Amino acid sequence: MPPVAAQSRAQAGPSGAPRVTVGVSLKAYFGRRAARTWFGEVAELVGAHAAVRDGDVEVFVIPTYLQFDDARDYLEAAGIRVGVQDVSAYEPGAYTGEITAAEVAESGGAFAEIGHAERRRLFGETDEVTAAKASAALRHGVTPVLCIGEMARMDAAAAARATVEQLHADLAGAPAGRVVVAYEPVWAIGAPEPAPTEHIITVSRALRAALDAEPARAGSNVIYGGSAGPGLLARLDGAVDGLFLGRFAHDPAAFGRVLDEAAELAAEGAVS
């Protein structure tokens with residue numbers, strides 16, 4: 001199958017420019033009171049952003065489960081979609097402590113973060129578990145934010161091969177639907193700087209080519225995480241469709257700078 005056009009891959013916004021996606025996962029850093037303060041500041045900032053309002057920049061935030069309703073109440077009016085940090089591999093039933101994709105969808109959750117390196121390392125989640133969770137999310141219309149990344153530092157070509165293999169394993173048997181692939185090399189998570197620019201470009205383009213080759217993944221895109229922050233999007237020269245932010249987004253002003261860069265990228269039609 002020939003590669004689809006860049007705008008189809010990145011989901012063209014209403015203006016016709018490629019839509020750029022910026023996501024934030026709050027992990028478990030904030031308590032509920034601090035999260036409400038952050039939600040309020042971010043809602044004001046993002047709600048005034050023309051590119052978000054016009055649909056050329058897609059923004060989502062993934063809080064803790066206990067913060068989900070607060071996040072939705074504060075953020076949805078500003079054009080920000082809300083997700084969850086994990087989802088059960090099982091359908092509703094006798095699974096104590098699980099949050100099912102059916103309930104996430106019913107609650108208005110648009111995204112589910114799946115397969116993060118911390119889940120794999122701390123809780124022993126395998127590619128098989130990740131694939132089951134991705135399948136559950138897609139069955140219920142929840143977009144997986146599928147975290148992919150090589151464990152050890154290696155050259156870009158080897159990393160590209162490893163991550164594409166992981167992508168296929170993590171979507172094995174999954175139904176059709178959009179997936180947001182968050183490329184996060186494990187060795188770069190929490191580091192002072194992101195992975196080298198050329199490394200990110202090589203791996204991200206390989207992941208996007210793999211998605212483009214699968215008709216079932218139409219509309220999917222690749223964003224970069226792993227110590228991502230202001231200034232990175234411009235350096236990546238359109239090789240990614242956006243960023244997945246962590247601690248850098250705790251400062252709403254830094255988050256705002258990334259949104260400004262995303263708006264410029266969308267306006268230039270630079271996602272390729």
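Trainee: Where is S227 found?

Mentor: S227 sits in the loop between β7 (221-224) and α10 (232-235). Those labels are DSSP runs, numbered from the N terminus: helices are H or I with at least four residues, strands are E with at least two. Keep in mind that this is a predicted model, where local features need pLDDT of at least 70, side-chain atom pairs count only at pLDDT 80 or more, and totals for chains, interfaces and linings use all residues. Residues are numbered from 1 along each chain as its sequence is written, and side-chain values use heavy atoms, with hydrogens and water left out.

Trainee: Why is S227 called buried?

Mentor: Compare the value with the cut-offs: buried means under 20% relative accessible area, exposed over 50%, partly exposed in between (1.4 Å probe, protein chains only). S227 has 9% relative accessibility, so it counts as buried.

Trainee: Is D237 buried or exposed, and why?

Mentor: The relative accessible area of D237 is 53%, so D237 is exposed.

Trainee: How many helices and strands does the protein chain have?

Mentor: There are 11 helices and eight strands. One of the strands is β2 (residues 57-62), the place of E58.

Trainee: Why is E58 called buried?

Mentor: The relative accessible area of E58 is 7%, so the word is buried.

Trainee: What makes the link between the side chains of E58 and R178 a polar contact?

Mentor: The distance is 2.8 Å. A polar contact is a pair of N or O atoms within 3.5 Å; within protein, one must be able to donate a hydrogen and the other to accept it, and residues adjacent in sequence count only if both atoms are side-chain atoms. The side chains of E58 and R81 also make a polar contact, at 3.4 Å.

Trainee: Which backbone oxygen lies 2.9 Å from a polar atom of the side chain of T163?

Mentor: That oxygen belongs to A159. T163 lies in helix α8 (residues 156-170). T163 has 0% relative accessibility, so it counts as buried.

Trainee: Which residues is T163 in contact with, leaving aside neighbours within four places in sequence?

Mentor: They are I148, G149, E150, Y183, V203 and L207. Contact means heavy atoms within 4.5 Å.

Trainee: How do you know that F39 is buried?

Mentor: The relative accessibility of F39 is 0%, so F39 counts as buried. F39 is part of helix α2 (residues 32-47). Not counting residues up to four places away, F39 touches L26, V61, P63, Q67, D70, A71, Y74 and L75. R72 is 33 residues from F39 along the chain, and their C-alpha atoms are separated by 9.2 Å.

Trainee: How far apart are A51 and D260 in sequence and in space?

Mentor: A51 and D260 are 209 residues apart in sequence, and 8.4 Å apart from C-alpha to C-alpha. A51 belongs to helix α3 (residues 50-53). Beyond neighbours within four places, A51 is in contact with D56, V57 and A263.

Trainee: What makes A51 and A131 buried?

Mentor: A51 has 12% relative accessibility, so A51 counts as buried. A131 has 7%, so A131 counts as buried. A131 lies in helix α7 (residues 127-139). Its contacts, apart from neighbours within four places, are A169, D170, L171 and A172.

Trainee: What share of the residues in the protein chain is buried?

Mentor: Buried residues make up 54% of the 272.

Trainee: Why does the radius of gyration agree with a compact globule?

Mentor: The radius is taken over C-alpha atoms, and the globule rule is 2.2 Å times the number of residues to the power 0.38. For 272 residues, a compact globule would be near 19 Å; the protein chain has 17 Å, so the two agree. The C-alpha atoms fill a box of roughly 40 × 40 × 35 Å along the principal axes.

Trainee: What share of contacts joins residues at least 24 apart?

Mentor: The share is 73%, among contacts between residues at least 6 apart in sequence.
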